[in-house]
Amino acid sequence: MDASELTHEQFIEEHWKPGIPLVLKNATRAWGAFNTFSPDWFRQRFGDRRTVVDGRSYTMTEIMDLVEGRDTSRPVPYPCKYHIPTQLPEVLPMVMPVNLGFAKPNWLESSWFKRGYWGSALELFIGGPGGKFPYVHVDYYHLSAWVNQLYGRKQFTVWPRGQDEFLYPEPGDPWKSTIPDIENVDLERFPKYRHATPMTFVVGPGETLYIPVGIWHTAKSLEPTISVAFDLLNERNFPAFIKDVWDFKKRDGAFKAVAATGYAAFSGAMCRIGDLMGVERVSSHN
Ligand SMILES: O=C(O)CCC(=O)C(=O)O
Ligand SMILES: [Fe+2]
């Protein structure tokens with residue numbers, strides 16, 4: 001659907017509430033990044049900028065040479081990520097407004113949540129042909145995800161809500177599926193998967209994929225790709241978020257769990273007040 005044909009209210013009623021993914025065209029039209037980002041654009045401006053992928057450091061030029069097939073001497077890692085606010089801050093003005101007019105209010109844009117790191121992020125994803133996200137998962141902390149495709153095509157697969165058991169979540173990490181290769185599922189080992197109803201589709205440049213809270217998903221880059229992904233937190237997913245903060249921090253001990261959950265609860269209360277007062281959060285993002 002073209003972003004200009006959808007109102008925020010319609011989005012909430014038809015997609016957020018029932019948890020139905022959506023691909024929007026032209027939602028990023030106002031971004032400087034739209035029709036601008038490309039491997040050469042990044043090579044020319046940020047060729048020496050480094051990031052770490054699977055424990056190895058790469059420059060932007062090295063990553064682009066790998067994903068474009070100019071360097072075939074070693075495997076192409078996926079996903080190659082840059083945290084935009086800290087690793088590519090110059091790019092921040094080109095992805096404004098982050099909320100696209102739909103992903104709002106977003107408490108992750110408030111200074112309350114920027115101070116803590118909650119697994120949320122505004123990230124640049126770079127991939128090459130065949131680069132697969134390593135597992136099928138639901139995003140943790142019950143955040144909803146927005147993947148803005150800016151260069152190249154990426155294939156996504158999503159599963160409707162209510163199919164958790166068909167995807168065999170990892171007992172200690174229930175946001176991660178234990179099925180190793182979703183394109184070739186061993187039905188002897190994972191018999192319930194036969195009831196699953198995956199939906200596979202392609203998201204192209206200028207399109208935005210909205211992944212609702214709790215939706216199982218995975219991705220595969222079909223060609224050299226550049227996307228910008230961010231997460232959304234507000235009143236609607238806050239109760240589930242707080243429960244996750246507790247569950248995750250509990251692993252680091254009771255004191256940390258109480259401190260983190262208390263801080264998150266307080267921040268949420270401040271953001272709720274901000275929403276009531278009509279605070280516009282357009283500054284930056286976690
Ligand atoms: O590779 C992608 O674009 C999907 C990324 C994703 O699902 C995630 O980072 O949680
Ligand atoms: Fe995800």
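Residues are numbered from 1 along each chain as its sequence is written, and chains are lettered from A and ligands numbered from 1 in the order in which they are written. Because the model is predicted, local features need pLDDT of at least 70 and side-chain atom pairs count only at pLDDT 80 or more, whereas totals for chains, interfaces and linings use all residues, and side-chain values use heavy atoms, with hydrogens and water left out.

**View 1. The iron ion (ligand 2) and its protein donors.** His 137 and His 217, each through NE2, and Asp 139, through OD, lie 2.1 Å from the iron ion; donors are N, O and S atoms within 2.8 Å of the metal (3.2 Å for Na, K and Ca), and water is not among the atoms, so sites may look incomplete. Along the chain, these donors follow the spacing H-x1-D-x77-H.

**View 2. The residues around ligand 1.** The shell consists of Tyr 78, Phe 125, Phe 133, His 137, Asp 139, Lys 154, Phe 156, His 217 and Ala 219, a residue being counted if one of its heavy atoms lies within 4 Å of the ligand. Strands β7 (154–159) and β12 (216–221) each supply at least two residues of this shell, strands being DSSP runs (E, at least two residues) numbered from the N terminus.

Definitions and conventions:
Helix = DSSP H or I, 4+ residues; strand = E, 2+ residues; numbered from the N terminus.
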